[in-house]
Amino acid sequence: MSDTHTPATSAPVAEAHGDGHSHDDIARHVKGYMIVGGALLFCTVLTVALSYVDFDKMIGGHNWNFIIAMILATFKAGLVAAIFMHLKQEKLTIWQFLLVAAFFCTGLFLLTLLHWVDPIFGTSRSTHF
Amino acid sequence: MQIPHEVTARPDTGLYNAKLGIWLFLASEVMLFGGLFSAYVFLRVGSDDGYWPHGLLNVPIGTFNTAVLIASSVTVVMAWASLKMRQWNKYKLYMGLTILAGVLFLFIKLYVEWPAKFVHFGAFIKKDKWTEYEQYLGNKHLADDGRPPRAEITGHLEAVEIAATEDAVKAFAEDHQLEVKPSEGKEGGEHTLIVEAKEEKEGVGPFTAEKLIKLPGVKPLAFEVKLDEVNADPNDPKNDRPTFWQRPLSEKVGRIKFEDISSWSAFAPKHSSYFAVYFTITGLHGAHVLAGVIVFCYFFFFGEKLYRKNPEHMANRVEVGGLFWHFVDLVWIFVFPIFYLL
């Protein structure tokens, strides 16, 4: 096991490593994690509940349920990334990785918009989207 | 050999090695799932009116599984926090709970959700035959209400009507616990038979039906389907949109002529683009959950030695495993609404 070469440390807590996570920090974060967990559960229930409201009929137009569900999902994903994955206080290097991924991923999704200029003949979305 | 920056951060990036590695990996995962999600968008916008199903999945179970994953995201970050605070017993508790949540998620998916799909039956009716099946499809009512039409009749496959001699299906019927009864009519000089399950509750099963109609000398004539409520009472406005609780099967049996069907199958990947992309994405996601559970089991059962030697190194490992786990949760946050709710 590679661990056998790791030097032993007597440091009881994490502050020696300068990663911004001291004992007190962590203790404070723990409460935040619980709150975020609760917020995510609440948003899940809200997403499910709102999916049964016929927004297209209520507001007029198309795909309102889709738009609303995606806004909620993006908010939830943002909470997970920012708080659970510590992106809020993460180093620039990681943000750079993610920016590249986000750029190409956005490109992939923009490709799907091609159905606007070249609709697939006879499909509902060629008229509804 | 001592590898530098296994535990401490590199001064230039501010990251220890494994964290740099996991984020590069997660960036590649964004592309992997991004590709599949964009495939979903293409398939959905390219689907014909009435051919993108809505309401075929079990929403209460999906919601429960979402809650299980969210809870596991909390417990895994708590496991990491416990290690940072050097509370080994608490770490074991939270990591154990995370593993249990992952196993529960997979159990529900593989033993509850998917098997129920594989015994359900759906038949898409040819467009020019929709009017003949109006009593099951209710398309006039939907059109009056400005809603997309129904193209499919779903339910439980009770019986298959075939044209064949009894000898042609006798051995097959015995192997599959099926009962063969003579039917009234005649088709091309051959007797028509009704093939149904011996146990009424079981039904024939779509996969068994596929094998049956491929037997030599067997010509399929019609399916008898115990209808889902949406097809049993298609003009009832409460069936216009799916409901949270899945409605039980109706007692009504519908007869669908084989020649009027454009495609039929279980709710399996080949059923439609919808189920194809559903099984692909949830299958790949499930594989990620399994991978996470395996890694966490290693941390749970074999982590103590490293913890005693270098607790910070152990905490870093759990942080990196946790980052992967949160990403899996994050993917599910999008998977759940697009397949179950929309």
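## A walk through chains A and B

A compact globule of 342 residues would have a radius of gyration near 20 Å, yet chain B comes out at 26 Å. Keep in mind that this is a predicted model. Along its principal axes, the box filled by the C-alpha atoms of chain B runs to roughly 85 × 50 × 30 Å. Eleven helices and seven strands make up the secondary structure of chain B.

Let's look at how chain B is divided. Domain 1 takes in 17-119 + 274-341, while domain 2 covers 131-266. Taken over C-alpha atoms, the centres of these two domains of chain B are 37 Å apart. Where they touch, domain 1 of chain B puts in eleven residues and domain 2 of chain B puts in ten. On the domain 1 side of that contact, the elements giving two or more residues are H2 and helix H3 (88-118) of chain B. Sort that side by class and you get five nonpolar, four polar and two charged residues.

Helix H2 (residues 59-84) of chain B and helix H11 (residues 311-341) of chain B have axes 9 Å apart and pack at an angle of about 165°. Because of that angle, H2(B) counts as roughly antiparallel to H11(B). The crossing of H2(B) past H11(B) is left-handed. As for what lines this contact, its residues split into 17 nonpolar, six polar and three charged.

The contact between the chains draws 57 residues from chain B and 59 residues from chain A. On the chain B side, two or more residues each come from helix H1 (17-45), H2, helix H10 (304-309) and H11. By class, the side of chain B that touches chain A holds 32 nonpolar, 15 polar and ten charged residues.

Now over to chain A, for one more helix pair. Helix H1 (residues 23-51) of chain A and helix H3 (residues 64-84) of chain A cross at roughly 170°, and their axes come within 10 Å. H1(A) and H3(A) are therefore roughly antiparallel to each other, the cut-off for that term being over 145 degrees. If you want to trace the contact residue by residue, H1(A) contributes Gly32(A), Tyr33(A), Val36(A), Ala39(A), Leu40(A), Cys43(A), Leu46(A), Thr47(A), Leu50(A) and Ser51(A). Facing them in H3(A) are Asn65(A), Ile68(A), Ala69(A), Leu72(A), Ala73(A), Phe75(A), Lys76(A), Leu79(A), Ile83(A) and Phe84(A). The class tally for this contact of H1(A) with H3(A) is 15 nonpolar, four polar and one charged.

Technical notes
Residues numbered from 1 in each chain as written. Chains lettered and ligands numbered in written order. Predicted model: local features only at pLDDT ≥ 70, side-chain atom pairs only at ≥ 80, totals over all residues. Axes fitted to C-alpha atoms, helices over the stretch in contact; angles between N-to-C directions. Helix = DSSP H or I, 4+ residues; strand = E, 2+ residues; numbered from the N terminus. Parallel < 35°, antiparallel > 145°, perpendicular 65-115°, else oblique. Left-handed = near helix turned anticlockwise from the far one by under 90°. Nonpolar A, V, L, I, M, F, W, Y, C, P; charged D, E, K, R; others polar. Domains from an automatic or database assignment. Contact = placed C-beta atoms within 7 Å. Rg over C-alpha atoms; globule rule 2.2 N^0.38 Å.
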